[in-house]
Amino acid sequence: MSSRSGLIPSESIITSRLLVLQSKRLMLDSIERRLETSNSPGVKRRFEELRNETDAAQDRYRRALLEWGSSDDTDYWVMAYTRLIDKGNVIVKKMREANLMLPPRERYQVSADIEMMEHLVEGWIGSLRRSMAAAV
Amino acid sequence: MYRQVQGVPIKELERELSGLPGEDLNTSVLPEVAGWISIYEELAAVLRSVISRADSNPEVPELKRSLLMIEQRLAAWRDRHAEIAGVVIDSKAHTLTYAGKSLRLTRREADLLDFLLRHPRRPFTSKQLATLAWQNSRLSDAQVRTYIMRLRTRLQEVGLGEVITVARNRGYGINAASGRAGE
C-alpha cells in the first residue's frame, strides 16, 4: 500500500521523523552559533530546550527505524546496535555505581553481570563497526 | 582501621560489618534490583524486536544467544527481587508468607501477586494483567479492578496493604519497598 508520495506508510513515518530530527539539528547549530556571541539568558535557555528537543527527536527517529525500518537496510543495523549498546552501557554503569555499596552475595552476582554485559557490548560494538563500514 | 578488627571473633566481625552504611541488604538493594530488572526488560525487548524483524539475517543467531543470556539474568534478578522483598508465594498451595505470617490466596490472587513482584517498577493496565498474569484476555477491566481491590484488602492482613500501587491512567504496579518499610 503506497501513499500519494509513493512511499509506503512505514517509510513515511521514518522519513518524517528524520526530517524533524534534521530540522532540530539545524536549529540547534544556529542557536549554538548565537550562543558564542551572546550571553543572554534567553538564548541559553532556548539552547537547552533545543538540545533536549533534538535528543527526543533522535530517540523518536531511532524507535521508528527499529519498529518500521527494513532489516535489509544497513541503517537499520546501525540503529539496532546503537540502541543495544546504549542499553547495555546503562546497565553496566548502574551496576558499577551500586556494586561498591552492595553486600557480598549481590556484589558477586553483579560483577558477573557486568562482565557478561561488557562482553555483549563489545560484540555489539564490533557488529556496529561492520554495519557502519557496510553503510559507507 | 583494619588492624583494629584483627583477632576479633568472626561472629563479632560479621555483626560489625553488617552495620556498615549501605550494607543492609534488605533496605538498600531492593530498589537497585528493581531498576536493573527494568533495564534488562528494555534490552530484552529491543533484542526481541530486532530478532522478530530480521529472522533470516545472519546476525540473528548471535542475537538470539545474547537474548538467552539476558533472559537468564532477568529471571535470576526477578527471583532475587521477590526473595529480598521477603514475599514467598507458593504457587501450588496458593499461600503467601511474609514477615512470619501466612495468608491463603486464591489461584488468581497468587498468580497476580507473583506476576507483579517479578515485574517491578512497571505499571500494567487491566487488559495487560488479564493477558499476562492470567492468560485470560476475556476478563473485563471492572473484573480485574475487583480482583486487585480484594487482593489489596487481603494483603493488609500481613502488613502488605500498600504493596500494590495504583497509578491513574497508567495501571497497577508493585512497590515492594513499602512492605519492607512497614516492618
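Helices (H or I, at least four residues) and strands (E, at least two) are DSSP runs, numbered from the N terminus. This is a predicted model, in which local features need pLDDT of at least 70, side-chain atom pairs count only at pLDDT 80 or more, and totals for chains, interfaces and linings use all residues. Residues are numbered from 1 along each chain as its sequence is written, while chains are lettered from A and ligands numbered from 1 in the order in which they are written.

**View 1. Chain A has 4 helices and 0 strands.** Reading from the N terminus, you get α-α-α-α. Of the 136 residues in chain A, 23% are buried (20 or more other C-beta atoms, placed from the backbone, within 10 Å of the residue's own).

**View 2. The largest nonpolar core has 64 residues.** Such a core is a set of buried Ala, Val, Leu, Ile, Met, Phe, Trp, Tyr and Cys residues joined through C-beta atoms within 7 Å. Helix α2 (residues 25–53) of chain B gives the largest share, 12 residues. Among those with the most contacts inside the core is L117(B). Leaving out residues up to four places away in sequence, L117(B) touches H81(B), A82(B), A85(B), V87(B), I174(B) and A176(B) (C-beta atoms, placed from the backbone, within 7 Å).

**View 3. Helix α4 (residues 107–118) of chain B packs against helix α6 (residues 141–155) of chain B.** Their angle is about 85 degrees, with the axes 10 Å apart, so α4(B) and α6(B) are roughly perpendicular (65 to 115 degrees). On the α4(B) side, R108(B), E109(B), L112(B) and L113(B) meet Y147(B), L151(B) and R154(B) of α6(B).

Methods
Buried ≥ 20, exposed ≤ 12 C-beta atoms within 10 Å, placed from the backbone. Contact = placed C-beta atoms within 7 Å. Axes fitted to C-alpha atoms, helices over the stretch in contact; angles between N-to-C directions. Parallel < 35°, antiparallel > 145°, perpendicular 65-115°, else oblique.
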